[in-house]
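Me: I would like to go through this model and ask what lies behind each description. Please set the values against the criteria.

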Amino acid sequence: IYNGVVDNALGVAGALEIARVISSLDRAPRRSILFVFTTAEEEGNLGSAYFLEHPPAPLPDLVADINIDGLAFLEAFNDVVGIGGELSELGEFLDRAVKPLGLTVAKSDNVMWGHEAFARSDQAAFAEAGVPSILISEGFDWESTNTADAVHRMWLWFETRYHTPRDDLQQPLNFDAARLHCQAVLSLMLMVADSPRAPQWRPGSSYAYERLLSRAGHDR
């Protein structure tokens, strides 16, 4: 039995908790927030593709996709990585959103969370449909572990538990790290939802062209 506690029951639980917090706010954000739980990501983002083919609102009205693909679970951290943040203004939003949490934004050029990681999860499907997208991961500036050892611990998890029956509740889980990850995602979501100006793709991005096409088709 492949339990999938970290990949990705932890991410699903985090998204549900973020939804609970947002629904309990005294004041609703300026924009609506949709929580979408997709399936078959590793079969080619099939769930995301289906959602984007049958959106509850026109695609040009989808302001941003903030993806959760698992949560931090090894150790609390001091930085986050906005995978795909350099492609749109979501990177700048993220930088402002996590500062009150005492976090910084690291460059997404690490061996683990490099630029190619953007194409490996559901945010890629949203980007290809023209929706500015980002995936937030923890960085490797950990509280009690140096960067080299942090990367080693993460690689060790991938080598011994990722997509195996050992991704279960017997493994150590740092819920302080998971909570901090959720706080970073929540902060970004609320900032985007309340911003007078929606985040835009950066000039020259191929996804910006898809955004123009979807808006042109919607305006016909």
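Me: What share of the residues in the protein is buried?
Reply: In this predicted model, 47% of the 220 residues are buried. A residue is put in that class because its relative accessible area is under 20%.

Me: What makes the protein as compact as a globular protein of its length?
Reply: The protein has seven helices and four strands. Its radius of gyration is 17 Å, close to the 17 Å that the globule rule gives for 220 residues, so the protein is as compact as a globular protein of that length. Along the principal axes, the C-alpha trace spans about 55 × 40 × 35 Å.

Me: How do you know that the buried residues of helix α2 are on the same side?
Reply: In α2, residues 46-53, the buried ones are G47, S48, F51 and L52. They cover an arc of only 130 degrees around the axis, and therefore lie on the same side of α2. Part of what covers them is α4 (123-128).

Me: Which exposed residues does the face of α2 turned away from its buried side carry?
Reply: That face carries Y50 and E53. They are called exposed because their relative accessible area is over 50%.

Me: How many positive and negative side chains are there?
Reply: The protein has 17 positive and 31 negative side chains, and the centres of the two sets are 8 Å apart.

Technical notes:
Residues are numbered from 1 along each chain as its sequence is written. This is a predicted model: local features need pLDDT of at least 70, side-chain atom pairs count only at pLDDT 80 or more; totals for chains, interfaces and linings use all residues. Side-chain values use heavy atoms; hydrogens and water are left out. Buried means under 20% relative accessible area, exposed over 50%, partly exposed in between (1.4 Å probe, protein chains only). Helices (H or I, at least four residues) and strands (E, at least two) are DSSP runs, numbered from the N terminus. The arc is that of the directions from the helix axis to the C-beta atoms. Contact means heavy atoms within 4.5 Å. The radius of gyration is taken over C-alpha atoms; the globule rule is 2.2 Å times the number of residues to the power 0.38. Lys and Arg count as positive and Asp and Glu as negative; His and the chain ends are not counted. The place of a charge is taken as NZ of Lys, CZ of Arg, CG of Asp or CD of Glu.
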